[in-house]
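Please look over the sequence and the structure before reading on.

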Amino acid sequence: MSEPFEDGNALAGPAGEIFAVDITAAMTRCVTCGRVDAVASLRVYRHAPGLVARCAGCDAVVLKLVRGPESAWLDLTGTSSLRVPLPGA
């Protein structure tokens, strides 16, 4: 049985506390399968402490975001690149 997940747009609010741009529009490359896709296309699971975003192609973990009361931890180990569009560019 598969666990329910949300799309990468679930990262918009939590990541908005860290980034000055909308991170869901950024393009990520999965380390495992090489798939290039928008962060909004990742499958986000909330069952762990924090958010775990997995590749829609191979289900590998691409990023993890955990927020505490005074800080946030962002693990991008599963992505080889993150291309962030800049406003006005």
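Is E6 buried, partly exposed or exposed, and what is its relative accessible area? E6 is partly exposed, with a relative accessible area of 35%, where buried means under 20%, exposed means over 50% and partly exposed lies in between (1.4 Å probe, protein chains only).

This is a predicted model, in which local features need pLDDT of at least 70 and side-chain atom pairs count only at pLDDT 80 or more, while totals for chains, interfaces and linings use all residues. Residues are numbered from 1 along each chain as its sequence is written, and side-chain values use heavy atoms, with hydrogens and water left out.

**Salt bridges**

- The structure holds three salt bridges, the term standing for a side-chain nitrogen of Lys or Arg within 4 Å of a carboxyl oxygen of Asp or Glu.
- E6 and R46 form one of them, at 2.6 Å from N to O, and this pair links distant parts of the chain, 40 residues apart.
- R35 and D37 form a salt bridge whose closest N and O atoms are 3.0 Å apart.
- K64 and D75 meet through their side chains at 3.3 Å, N to O; K64 lies in strand β6 (residues 61-67) and D75 in strand β7 (residues 72-75), so the pair ties together parts eleven residues apart in sequence, strands being DSSP runs (E, at least two residues) numbered from the N terminus.

**Exposure of the partners**

- R46 is partly exposed, at 46% relative accessible area.
- D37 counts as buried at 18%, whereas R35 is partly exposed at 36%.
- K64 is partly exposed at 36%, and D75 is partly exposed at 26%.

Key: Helix = DSSP H or I, 4+ residues; strand = E, 2+ residues; numbered from the N terminus.
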